Amino acid sequence: MTEGGERRAWIVAARIWIGIFLVFLYLPIFMLILFSMQKNQFASFPLMGFSTEWYRKLFNDGTLITALGNSILVSPAAATVATIISFLAAYAINRFEFRGRNLLTGIFIMPVLIPGLILGVACLGLLSRLHLNGELYSVFLMHVLLTTAPALAIIQLRLSQLPRSHEEAAWDLGATEWQALRRVVIPWALPGIVGGWLLAFTFSFDEFLIAWFVAGFDQTLPVAIFSVLKAVVDPSLNAIGTIVFLISGIVLVGVEMFVLPLVFGREQGTDSNPGV
């Protein structure tokens, strides 16, 4: 076989492998959507026709929809607060020399290193003593604690790539520390901030153990799904899964179409003119 033929064979093999991987990755999602629109009570073949019965049941019952609303309320708020805390901590860690800097980094990272079951029990004990358990804001507080670490990791990595000379140049041009932060540091860190927020949102939206311990009657979606699964395998779970997948897809498309061009456009403008 010639060198060109061998190269084409490797390309074909790579495409086949990628195709198999994508089928393996997305086939469960396709089956989820398919079974959400079937008449069968159990997810099995052959299909007995298509229906929107499980979507009607989902909205008529209201339990899972309410839990989805709680997750949509808690997760963006927790991700936003965690991202703000992470940016401030990352900026302090990267720009200032002070005693206990490594200890501070370890404190922020510690929650994700503790097993979720142990952390959930600890959070329940703390909130019970403070009389804060059993409410939706309890989940919000604990999710801020949990999601700060992944957001901090991404933002700190991005800020570590910012040359200190850019900020110093802004000071030399007459900018105050706040102006340099707003016009130089934040635009540079914006891709990391967006990435940290998305990661924190994902962690919060999918988190189950801590929410199960502290949520009370105001359940998030993972806790509500677990409660349904304990009783029976309800086809409405396929419907709520489909809705969550569509929401995630819309958010992803919106980020790629509107947020990322704005972020990277600002980044290029900052790189070409770091002054104020």
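**Contacts, burial and a helix crossing**

Reader: Which residues is N133 in contact with, once its neighbours within four places in sequence are left aside?

Author: In this predicted model, N133 is in contact with L124, L127, S128, S138 and V214, leaving aside its neighbours within four places in sequence. N133 itself has its place in the loop between α5 (116-129) and α6.

Reader: What is the separation of the C-alpha atoms of N133 and G216?

Author: Those two C-alpha atoms are separated by 7.3 Å, although N133 and G216 are 83 residues apart along the chain.

Reader: Why is N133 called partly exposed?

Author: The relative accessible area of N133 is 32%, and the partly exposed class lies between the limit of under 20% for buried and the limit of over 50% for exposed, so N133 is partly exposed.

Reader: How do you know whether A89 counts as buried or exposed?

Author: A89, which is found in helix α3, has a relative accessibility of 7%; because buried means under 20%, A89 counts as buried. Leaving aside its neighbours within four places in sequence, A89 is in contact with F108 and L152, and its C-alpha atom is separated by 10.0 Å from that of R101, twelve residues apart along the chain.

Reader: Is the crossing of α3 and α8 left-handed or right-handed, and which residues make the contact?

Author: The crossing is right-handed. The contact is made by residues of both helices, including L68, F87 and Y91 of α3 and L181, W197 and F205 of α8. The residues of this contact divide into 17 nonpolar, six polar and no charged.

Reader: Which residues have the most contacts inside the largest nonpolar core, and which elements give two or more residues to it?

Author: The largest nonpolar core has 15 residues, and those with the most contacts inside it are F87, I155, L159, V185 and I193. The elements that give two or more residues to this core are α3, α6 (136-159) and α8, of which α8 gives the most, with six residues. Leaving aside its neighbours within four places in sequence, L159 is in contact with F87, A90, Y91, N94, R95, V185 and A189.

How values were computed:
Residues are numbered from 1 along each chain as its sequence is written. This is a predicted model: local features need pLDDT of at least 70, side-chain atom pairs count only at pLDDT 80 or more; totals for chains, interfaces and linings use all residues. Side-chain values use heavy atoms; hydrogens and water are left out. A crossing is left-handed if the near helix is turned anticlockwise from the far one by less than a right angle, and right-handed if clockwise. Helices (H or I, at least four residues) and strands (E, at least two) are DSSP runs, numbered from the N terminus. Contact means heavy atoms within 4.5 Å. Ala, Val, Leu, Ile, Met, Phe, Trp, Tyr, Cys and Pro count as nonpolar, Asp, Glu, Lys and Arg as charged, and the others, Gly among them, as polar. Buried means under 20% relative accessible area, exposed over 50%, partly exposed in between (1.4 Å probe, protein chains only). A nonpolar core is a set of buried Ala, Val, Leu, Ile, Met, Phe, Trp, Tyr and Cys residues joined through side-chain atoms within 4.5 Å.
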